[in-house]
Amino acid sequence: GAWCLSADNQCYAIGHSCNWYTLGGSWYTECGVGASCSTVDYRCYETCYHTASSCADSIPRKNIYQCDYSGHGGRPSCGVTNSLCAGRGDNFPCPTQNAVTSTSVPAPAPVPVPSPTSAPVPTPTPPAAVYVSSVGDPCNWGECGTGAWCKHSVNRCYAVGDSCDGGMCGAGAWCLSASNQCYAIGHACNWYTLVGSWYTECGVGASCSTMDYKCYETCYHTASSCADSIPRKNTYQCDYSGHGGRPSCGITNSLCAGRGDNHPCPTQTAVTSTPEAAPAPVPVPSPTSAPVPTPTPPAAV
């Protein structure tokens, strides 16, 4: 999912913009080990390698920039080779090791590309539409990658399993009030008992489907669209692209009465407060196996 930029020894996401640099007064682009720079859109495309059963040049793409090894023997790693694929790509590289002696290999001559219209940034910054932020990174237009959620109050990605922020989590997670922890959108609903009956819940940011008992992200109004008109992506998430962008606390739409809700704001500790009665839970069929009161995220979600 990433490539290594040798200039700063840091990893950048597959699909990230290429790194621009100058040499002898000309502009050049590069990605690094694990990716190559396309001269069509100047994005870093994952380098596909041989598997035990397929040659690198026969590996198809998925999600535009990535290699799809499904049906081709699985993703290769260091040590996987294919002697039948000479001239059709490379075997997966192994990490470099410090050696007592080494023979330097001259770097290939860079290929000039057109100079960008504006001054490039030696260490690239993520483009909004492609880069997927990870834990610790700034959020990418209010969203983070798999296993992370956007804490909007600081605009940074936190790990699934971290504490909720003011009774809620950001995009990509929902808050379980019983443990004050954030769980991934698409996670199994939380089961609990009340007066001998089984019930399910998700929490602020998601609702439990009685079809598959998974937590689906709650869609909210944007400035231009009502919540009930927001489509889904990746099964469980709200797709705000083309609908005004992901909303946040303070975004309202007075034309959407009865069609969902505005995005909630984090709860604040007040001097005085009037408690509201919790809605009566709706019983659901008892699960076939003993439920886990506080769910833990499954590996695939």
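Leu194 has Ser197 of β14 as its bridge partner. Strand β14 covers residues 197-201, and β13 pairs with β14 in the antiparallel sense over 5 bridges. Two strands count as paired if DSSP finds at least two bridges between them. The strands themselves are DSSP runs (E, at least two residues), and helices are runs of H or I with at least four residues, numbered from the N terminus. The two strands β13 and β14 make a hairpin with 2 residues between them, and Val195 in the turn has a positive phi of about 55 degrees.

This is a predicted model, in which local features need pLDDT of at least 70 and side-chain atom pairs count only at pLDDT 80 or more, while totals for chains, interfaces and linings use all residues. Residues are numbered from 1 along each chain as its sequence is written, and side-chain values use heavy atoms, with hydrogens and water left out.

Rings of Phe, Tyr and Trp (its six-membered ring) pair if their centres lie within 6.5 Å; planes under 30 degrees apart count as stacked, over 60 as edge-to-face and the rest as tilted. The whole structure has 10 aromatic pairs. In one of them, the ring centres of Trp191 and Trp198 are 6.5 Å apart and the planes stand at 80 degrees, so this pair is edge-to-face. Trp191 is buried at 13% relative accessibility, whereas Trp198 is partly exposed at 25%. Here buried means under 20% relative accessible area, exposed over 50%, and partly exposed in between (1.4 Å probe, protein chains only). Ring pairs join Trp191 and Trp198 with Tyr213 into a cluster.

Tyr216 and Tyr236 form another edge-to-face pair, with 5.0 Å centre to centre and 65 degrees between the planes. Because Tyr216 lies in strand β16 and Tyr236 in the loop between β17 and β18, the pair ties together parts that are 20 residues apart in sequence. Tyr216 is buried, with a relative accessibility of 19%, and Tyr236 is partly exposed, with a relative accessible area of 22%.

Which links do the cysteines make? A disulfide is counted when a pair of cysteine sulfur atoms lies within 2.5 Å, and by this rule the count is 12 disulfides. One of them joins Cys169 to Cys182, with 1.9 Å from S to S. Its torsion about the S-S bond is -100 degrees, and the link of Cys169 and Cys182 is left-handed. A second disulfide is formed by Cys189 and Cys208, whose sulfur atoms are 2.0 Å apart. The torsion about the S-S bond of Cys189 and Cys208 is about 105 degrees, so this disulfide is right-handed. Since Cys189 lies in the loop between β12 and β13 (190-194) and Cys208 in strand β15 (residues 206-208), the pair ties together parts that are 19 residues apart in sequence. Cys189 is buried, at a relative accessible area of 3%.

Cys226 and Cys256 are also joined by a disulfide, with an S to S distance of 2.0 Å. The link of Cys226 and Cys256 is left-handed, with -85 degrees about the S-S bond. Cys226 is in the loop between β16 (215-217) and β17 (232-233) and Cys256 in the segment after β18 (237-238), so the pair ties together parts that are 30 residues apart in sequence. Cys226 and Cys256 are both buried.

Cys4 has its closest cysteine sulfur in Cys11, 5.4 Å away, which is too far for a bond. Cys4 is partly exposed at 27% relative accessibility. Cys11 is in no disulfide, and Cys11 is exposed, with a relative accessible area of 61%.

The largest nonpolar core has 10 residues, among them Trp3, Leu5, Tyr12, Ile14 and Tyr65. Such a core is a set of buried Ala, Val, Leu, Ile, Met, Phe, Trp, Tyr and Cys residues joined through side-chain atoms within 4.5 Å. The elements β1 (2-5) and β6 (44-46) give two or more residues to this core.

Confidence is given by pLDDT, the predictor's value for each residue from 0 to 100. The chain averages 77, and 75% of the residues score at least 70. Where pLDDT is low, the predicted coordinates should not be read in detail.
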